[in-house]
Amino acid sequence: MRLLTHNLLACHARACTTTSNNFPLIFKDVQVELIQAEPNPDFIKGFLPKIEWNALVKTARSLGQDVLPEQSPDFSKPLNDEALLNSLHHILLEIHIMEGQMICPNCSHIYQIRSGIPNMLLAEHEINK
Amino acid sequence: MSRPEHIAPPEIFYGDVEATKYTANTRVQTIQAEMTERAVELLMLPEHRKPALILDIGCGSGLSGEILTEHGHEWIGMDISPSMLEVALERETEGDIMLADVGQGCGFRAGSFDGAISISVLQWLCNADSTSHSPAQRLSTFFTSLYSSLSRGSRAVFQFYPESDEQVKFIMTFATKAGFGGGLVVDFPNSRKAKKFYLVLWVGGEMAVGPNGETAKQELPQALMHEHEGEAGSSGPTSVKYEKRRSDRSKVKGKGKKKSGESTKDYILRKKELYRKRGKEDVPKDSRYTGRKRKDAF
Ligand SMILES: C[S@@+](CC[C@H](N)C(=O)[O-])C[C@H]1O[C@@H](n2cnc3c(N)ncnc32)[C@H](O)[C@@H]1O
Ligand SMILES: [Zn+2]
C-alpha cells in the first residue's frame, strides 16, 4: 500500500461514524519498501486538490521522510514547482508499506498490513449499520 | 448451471484453487478485459481528469485493474478473497489492493475517487452468507459509503449478472436512497451470449466535462447492439446507435499489456523480465535504487 492510498483511508468502524478524529491512521512497526514508479506528473497535478496535506506531511515524517514543506502549497494555482512534484511523486507513489499496523487515533482499531495488503475487515460488532 | 454466489460465500468460492484457475483461464481474461473496457467507456471521464484515480470494487486478481493501468489510470482495489488478492500480488498488478468486504462500507475520505468500476461482483452482495447478513443492510451501507467517496460529477459503473428484474430493482432502491442517479444499460439485449448488464450510477445530475467547472447533464448512455439487431422485426429499442466496438487499447502504450494468445504464466514472466530490464535501463548508476524493488534503507 502506498501513501497515496493511506492519505485517503479513514477508520470506518462503527465507533468512528461521528468523529473526524478517525484520520490519518497511525503507522506502527512498519516495514517499507521503495518501488520505483514511472513519473506521472499529470496524475499528481490532478490529485493535488484531494491531498490532506497535514496528514501527508505528518505520515511522511513518521517514516523519516521530511522533503515536504510543512505549509501546504497553494493548489488553486497550477503547480509548476518541479522539485515539489518530484517529492510528491516519491512520497505518494514510491513508498510502499509492506508490513505493520495502522491504528485508528480515535477508537484504536488495529488494521494489519501483510505483504503490502491492509486488512480493512471489521468484526461483526464494529460494522457501521 | 447454478450461480457461484449460491454455492458458497465469495472468500470461500474464490479459494486458492479457483482463484488460480479463474485468473489463468484465457476466456475469462478476454471477457473480463472486454467488460472492463466497456465500463471505462461508460465512466466518461473528462479529458482534464485523466489520468484519474479509480476505485475497483471487487478487484479480485487484478484482471479488471490491469485494463485501468493500460488506460494510464491509478487505481485502488478492494476484495474479500485473500486468495484472489494473493494472485494479484503474484501478477504484480500496479494498483494498491486491500482486503475488505464492501458490504461493510469502504472507509475512504469524501471525494477520494474520480470514478469507480466493479466487474462481475454486485450479484454477490445480494446474498446473505450468514444469519447476521442482511443484503438490504449491506447494499445500503455499501452504496452510502461509495457515494461519499466519489467526487461530485463522477460515475460508478457496475457490470454484473442480475438474477431477475426484481434483483435489479432491489439494488437500484439502495443506490437511489444513497443519493445516486442513473440506471441500467443493457448491451446486446437480443443476444443470449453477448448480452451484458451495466448499472451506471452518478453523483449529482451534472457531470464535469471541462477544467474550468464546465458541466453537462448526466444522461444514461446508449446500449450497444449488433448491427442486425436494429433491423425491422427486432424487439430492441430503435434509438440505439449502431456503434461498432472500437477499442482504444491500441492507442495506449504497451505497459502491462498482454499479447493475445499468451498464457498467464508467459505473461507474468514477460512482465517480470520487462521490469527487470526497466530497472536496469531507466535507473541511473548513482540512483538510490538497484532495481525495481529494494528494501528500504531510510
Ligand atoms: C468474478 S470475480 C471478478 C474479479 C475482477 N473484478 C475481474 O474482473 O476479474 C468477483 C470478485 O468479487 C469479489 N467479492 C464478492 N463479494 C465481495 C464483497 N462483499 N466485498 C469485496 N469483494 C467481493 C470476489 O472475492 C471476487 O474476487
Ligand atoms: Zn476508529
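A polar side-chain atom of B:D101 lies 2.9 Å from a nitrogen atom of ligand 1, a polar contact in the sense of a pair of N or O atoms within 3.5 Å. The model is predicted, so local features need pLDDT of at least 70 and side-chain atom pairs count only at pLDDT 80 or more, whereas totals for chains, interfaces and linings use all residues. Residues are numbered from 1 along each chain as its sequence is written, chains are lettered from A and ligands numbered from 1 in the order in which they are written, and side-chain values use heavy atoms, with hydrogens and water left out.

| Protein atom | Ligand atom | Distance |
|---|---|---|
| B:D101, polar side-chain atom | ligand 1, nitrogen | 2.9 Å |
| B:G58, backbone N or O | ligand 1, nitrogen | 2.9 Å |
| B:I119, polar backbone atom | ligand 1, nitrogen | 3.1 Å |

The protein covers 98% of the 590 Å² of accessible area that ligand 1 has on its own, as given by the Shrake-Rupley method with a 1.4 Å probe. Around ligand 1 there are 22 residues, the closest being B:Y22, B:Q32, B:G58, B:D79 and B:D101, where a residue is near if one of its heavy atoms lies within 4 Å. This shell divides into 13 nonpolar, six polar and three charged residues, with Gly counted as polar.

Elsewhere, the aromatic pairs over all chains come to 13, a pair being Phe, Tyr or Trp rings with centres within 6.5 Å, stacked when the planes are under 30 degrees apart, edge-to-face when over 60 and otherwise tilted. The rings of A:F43 and A:F47 are stacked because their centres are 5.7 Å apart and their planes stand at 15°. Both residues belong to helix 2 (residues 41-47) of chain A, where A:F43 and A:F47 are four residues apart, about one turn of the helix; helices are DSSP runs (H or I, at least four residues) numbered from the N terminus.

Key: Polar contact = N/O pair within 3.5 Å; in protein donor to acceptor, adjacent residues only side chain to side chain. Phe/Tyr/Trp six-rings, centres within 6.5 Å; stacked < 30°, edge-to-face > 60°. Helix = DSSP H or I, 4+ residues; strand = E, 2+ residues; numbered from the N terminus.
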